[in-house]
Amino acid sequence: MKSTTESLSPTRVKLTIEVPFEEFQPSLDKAYKTIGAQITIPGFRKGKVPAAIVDQRIGRSAVLDEAINGALPGWYSEALQQAEIQPLSQPEIDLTKFSDGEDIEITAELDVRPTIELPDLAAIEVQVADAEVTDADVDEQIDALRDRFAVTLDVDRAAADGDAVTIDLVARDKDGADIEGADAKGLPYTIGSGTLLDGLDEALIGLEKGATTTFSTELVGGELKGTPVDVTVTLNDVKERQVADLDEEFVQTASEFDTVEELKADVRERLVRGKRMEQAAEARDLVLEEVVGTVEAPLPETVVAEELQGRREQIMQQLSYAGISFDTYLEDEGQTAEEFEAELERRVRDSIVAQFVLDQVVADSEIGIENDELTQHIMRRAQESGEDPNSYIQHIMEHNHVPEMVSEVLRGKALATLMQQATVKDASGTVLELGKLRADGSIADDEVETTDESADAAEPEVSEESDKA
């Protein structure tokens, strides 16, 4: 078998596959056995029917069809490997020459990734926010810790700001009719949190246990969002939250440290690490966005159309689960249907280009993958999915998702390569050496290769439909 490749466009090729008829003979023999096992001929056991009898009863043409259908996938795969082609779409296959006893010719047209000329990555410079942690940031985290260890005590008084209460709610329209689904019983709530309805905090403050009051507001979610209603609230229970003093006794109870200073130092370090990871994530997005904005990348329109349809269906499904209509969604987003479509298409095109860019970096930099890198990546994906690792691995093997896992690892490493070559500065003008950043946000003493885990965490949004290699 031999094959030749013809470029029809930057994103589409034509494979011509030529197979001598003698190489087709094993497929013919297999077809005779398959058909012979399916028919009953007096005097012959199933599977032992001679070819001449099969031809007589079924016809030579039926055997040829069975044989060619069985052989085509293997020839196509072999031709892809010979030409080192990564397909983006299902091929359009045409059997151009196929006569009994003569050489066979097949053509296949398919979408492929274009070759992209990357810009000078060393010339790319982006700016991210400073990794600044203030005393107020530390105090906020300490206060949150104290709040988690707060205790609640029953009180015999009217409700006050900060109290933990249990309430019943009933919403009625302006005609006094109950609104279905807009009521709740035994609902826990912290006065002052502002997490439910406008006006609720004001209605509860000063209310006695067992008392009821009514206030006017608007619903904040679902199909009836913005509907003016009258809400009747009943106060069932009142508890006062008592937050511990920030002293050594609290620190030793709530943490591994002995003193307030040690706790604050640890909180500050953790916040700084988090800020560094935010910087890295922001930088990765900006660098990739910069590269995507500078390259010329022709896109296969069939791939774009398939991805657009998939994204639309995903959004509609999510809205359906949330009980939100598409019109309500557009209203919330402040978009028209036309603006939604334009924005969706822009995001789809950018995500496909991003994938092409990263794949080009993999090719140009000859990035490879080790078995342990793939194993670690799959185990992380299993953990993220919440599935049993063995079940997850069995699923991806059965559904041939291993190439997708390989692509994810390679793209993560390609993204790390982009980061190492680009210049990243913070708002203060300091050049950030993100190659020294560990996955936990700490800084390595010596420059180390970015871990697969940290690269994985910043993996760009890439369309599934564009990953059919």
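This is a predicted model: local features need pLDDT of at least 70, side-chain atom pairs count only at pLDDT 80 or more; totals for chains, interfaces and linings use all residues.
**Cores, helix packing and selected residues**

Of the 43 residues that make up the largest nonpolar core, L288, L418, V424 and L434 touch the most other members.

**The nonpolar cores**

**How α7 and α10 pack**
- Two packed helices are described by the angle between their axes and by the distance between those axes.
- Helix α7, which covers residues 260-294, packs against helix α10, which covers residues 337-365, at an angle of about 95°, and their axes are 10 Å apart.
- Angles of 65 to 115 degrees count as roughly perpendicular, and α7 and α10 are therefore roughly perpendicular to each other.
- On the α7 side the contact is made by L288, V291 and V292, which meet D350, V353, A354, V357 and L358 on the α10 side.
- Sorted by class, the residues in this contact of α7 with α10 are seven nonpolar, no polar and one charged.
- An α-helix has 3.6 residues a turn, so residues three or four places apart point the same way.
- L288 in α7 takes part in this helix contact, and L288 is also named among the residues that touch the most other members of the largest core.

**The two ends of α12**
- At the start of helix α12, which spans residues 389-398, a side-chain oxygen of D388 comes to within 3.2 Å of the backbone nitrogen of N390.
- After α12 comes N400, whose phi is positive, near 55°.

- D237 lies in strand β10, which runs over residues 228-242, and D237 counts as buried because its relative accessibility is 19%, where buried means under 20%.
- When its neighbours within four places in sequence are left aside, D237 is in contact with D154, A164, V165, T166 and K209.
- A416 is found in helix α13, and with a relative accessibility of 11% A416 counts as buried.
- A416 and V295 are separated by 121 residues in sequence, while in space they are 19 Å apart, C-alpha to C-alpha.

Conventions: Residues are numbered from 1 along each chain as its sequence is written. Side-chain values use heavy atoms; hydrogens and water are left out. Axes are lines fitted to C-alpha atoms, for helices over the stretch in contact, and angles run from 0 to 180 degrees between N-to-C directions. Helices (H or I, at least four residues) and strands (E, at least two) are DSSP runs, numbered from the N terminus. Angles under 35 degrees count as roughly parallel, over 145 as roughly antiparallel, 65 to 115 as roughly perpendicular and the rest as oblique. Contact means heavy atoms within 4.5 Å. Ala, Val, Leu, Ile, Met, Phe, Trp, Tyr, Cys and Pro count as nonpolar, Asp, Glu, Lys and Arg as charged, and the others, Gly among them, as polar. A nonpolar core is a set of buried Ala, Val, Leu, Ile, Met, Phe, Trp, Tyr and Cys residues joined through side-chain atoms within 4.5 Å. Buried means under 20% relative accessible area, exposed over 50%, partly exposed in between (1.4 Å probe, protein chains only). A polar contact is a pair of N or O atoms within 3.5 Å; within protein, one must be able to donate a hydrogen and the other to accept it, and residues adjacent in sequence count only if both atoms are side-chain atoms.
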